[in-house]
There are 2 protein chains.
Amino acid sequence: MAMRRPAIGVFDSGFGGLTVLKELIGHSLDADYLYFGDTARLPYGSKSTETVSRFALGACQYLEDRGAQLLVIACNTATALALGQISAAAHVPVVGVIEPGAECAAAASRSRKVVVLATEATVSSHAYQKALAARGIEAREKACPLLVPLVEEGWVDHPITEQVAQIYVDQAFGERNEADVLLLGCTHYPLLKPLLRRIAPRDVTLVDSAESAATAVRKKLKLDPLPRLSEAERRSIPRLNFFATDSVEKFRRLGAMFLCHRIDHVEHVDLKE
Amino acid sequence: MAMRRPAIGVFDSGFGGLTVLKELIGHSLDADYLYFGDTARLPYGSKSTETVSRFALGACQYLEDRGAQLLVIACNTATALALGQISAAAHVPVVGVIEPGAECAAAASRSRKVVVLATEATVSSHAYQKALAARGIEAREKACPLLVPLVEEGWVDHPITEQVAQIYVDQAFGERNEADVLLLGCTHYPLLKPLLRRIAPRDVTLVDSAESAATAVRKKLKLDPLPRLSEAERRSIPRLNFFATDSVEKFRRLGAMFLCHRIDHVEHVDLKE
C-alpha cells in the first residue's frame, strides 16, 4: 500500500470551522486537509454536553478513519464541552480552539481583563473563563445566540447585525469598561470582524480563536512534524476534502463564504450514532 | 393488559410544535398527548429533504411505539418535506400543518393572493404555494431564517425583531400589495403574532398554521373518533408526556414559553438512526 499523504482533519458542527481551515491553509503546512461539517445536526451551540460529545466523537472517529494524522476541533462548543473526551478517544494529536484563543488573549491584555463573545453552550461551560483564569486573566463571557444565524443569513455587514452586536457588546463590557481584549469565541465571528472592530470600545484588541488555533497547529507541527513530502507530492499540496452530513449543495454555497474560496466537491456522510 | 388510553402524538423538531399542542389542548379532545421534540437535531428549517425525512420518520415511529393513535406533524418543514413518507410509513392517521393552513388562508382571502412566511426549507419545497394553488390562490412565499432564533432568544416583542420582521414583511408584500392574508407557516411564529399584527399592512388577516392544524385535528376526530373514555378516565385527561432528544432542562425552560404553561417532566430519548 502506498504511504498515506499527511493529512490534517478539521472538525466543526458546520461552516464556521472553515475560518480555521482558511487560516491553516494560509500557514502552508505541507499537508492535505479533511474537513468535516456536521451540518445535519448543527448548531451545537445551543445543545447539551452529552449530545455535543456524542456527535463530536463520531465525527472525529470518521476523520481518523479517513486518514487524519492530527485533529483540529475547529468548533468552540465542541472544544468547550468535549475536548477531553475527544483527546482520550483519539489515536492522533488533538488541538482545540479554546486554549490557543485564551493564550493569545492573555498575551494581548494589559488590564488583565478580557471580554469573550461565544455561543450559549460555550459560555455555559465557562471553558474560556477557566482557561483565562489559569493565565491570571479575569473574563466576562457573553452568549450571543443571534450572531450565528445573522452570519448564515449573509448579513455580515447589515445594520440589524450591527445593532444586535452592539447590544451584546454593550452588555458584555458594561459600564465600568476595563477589558482591553475582545475574544471572538466562535468560528462564525471572524466574518463579523470589520463590524465588531467598528463597534467595540476603542483601544480594545480583537483576538480571533480561528487565527489563534491555526498558529497553535503550526507550533505543534514544528515540535512533532507530519511525515515529510517528496517534491512531487509538495506540488499537489494541499488537497482539500470536504465531508458534510446535510446537503452538499448548501455546503458548497455557504461554505465558500467562510472559506473565501470556491468549494467544488463535497462528500455526503451519514453518521450512524 | 389494560386498554391503552387514547393518545395523540405531536411531533416537531423542537419547541415550536408546542404552539400546536397548546391549541389542541384548547379544543378539549378527550385524549392524552405525547409530544416529541427532536431538540438534539433542530432546527430542521435549514436542512435537506433526505435529512429531514430520516429524522421525522424515526421520531414518528417512536411516538407510535409509545401508543400514539393519531400523529400530528406540528412542524412545517417536516410536513413540507416528509408528510408523504410519514403517512406511508405510519399505521395511524397523520395530520400535517400545511393543508389546514392553506385551507384557512384560502377561506380568508378575497383577493386570492396570500403571503406566506416560513423557514428556508419550507419555502424551498413550495408546499404552501402548491397547496394554495390547488385552491385557486396565488402565494408569495418568503423565507425568514432569523425569526426562529429571535423567538428562541426570547425577543418576541423586541425592537430588533420588529425591524427584522418589517424587512421580511416588506419584501414579501412588495410594492404592489394585493395580498390580504398573511399565513404564518412556521410554528414559532404564533409567538410573534402581536408584533406581526402591528407591522403587517392594514386589512391583512393573519392565519396561523398552528391554530388551523388543531381545528383540522378536531374535525378529523369527529369523523373518526378515538376510543371512548370512561368518566373516571375523563377526569384525568389530558395527561401530557414530553420527549426530547437534547437537554430536558432546556426543554422545560424554553418549552414553557411556547406552551404558556409550566412543563414538569420531560423524558430524554436517544434516537438511533
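How many residues of domain 1 of chain A are in contact with residues of domain 2 of chain A?

1. Basis of the note. This is a predicted model, in which local features need pLDDT of at least 70 and side-chain atom pairs count only at pLDDT 80 or more, while totals for chains, interfaces and linings use all residues. Residues are numbered from 1 along each chain as its sequence is written, and chains are lettered from A and ligands numbered from 1 in the order in which they are written.

2. Domains of chain A. Domain 1 of chain A comprises 7–96 + 212–268, and domain 2 comprises 98–209; such bounds come from an automatic or database domain assignment. Their C-alpha centres lie 22 Å apart. In answer to the opening question, 25 residues of domain 1 of chain A are in contact with 25 residues of domain 2 of chain A (contact: C-beta atoms, placed from the backbone, within 7 Å).

3. The domain 1 side of that contact. At least two residues each are supplied by α1 (18–26), α3 (76–89), α10 (209–223) and α12 (248–259) of chain A. Of the elements, α3(A) gives the most, with five residues. Helices (H or I, at least four residues) and strands (E, at least two) are DSSP runs, numbered from the N terminus. By class, this side has 12 nonpolar, 11 polar and two charged residues (nonpolar: Ala, Val, Leu, Ile, Met, Phe, Trp, Tyr, Cys and Pro; charged: Asp, Glu, Lys and Arg; polar: the others, Gly among them).

4. Strand β3 of chain A. β3(A) runs parallel to β1 (residues 7–12) of chain A, to which four bridges join it, and A:Val10 has A:Val72 as its bridge partner. Two bridges join β3(A) to β4 (residues 94–95) of chain A, again in parallel, with A:Leu71 opposite A:Val94. Strands pair if DSSP finds at least two bridges between them. β3(A), α3(A) and β4(A) make a right-handed β-α-β unit; with the strands pointing away from the viewer, the path from the first strand over the helix to the second runs clockwise.

5. Side chains of β3(A). A:Leu70 and A:Val72 point one way, A:Leu71 and A:Ile73 the other, and all are buried (20 or more other C-beta atoms within 10 Å of the residue's own, with C-beta atoms placed from the backbone). In a regular strand the side chains alternate between the two faces of the sheet.

6. Contact between chains. 17 residues of chain B are in contact with 17 residues of chain A. On the chain B side, α7 (147–152) and α8 (159–173) give two or more residues, and α8(B) has the largest share, three residues. The residues of this side divide into seven nonpolar, four polar and six charged.

Notes. Two residues are in contact if their C-beta atoms, placed from the backbone, lie within 7 Å. A residue is buried if 20 or more other C-beta atoms lie within 10 Å of its own, exposed if 12 or fewer, and partly exposed in between; C-beta atoms are placed from the backbone.
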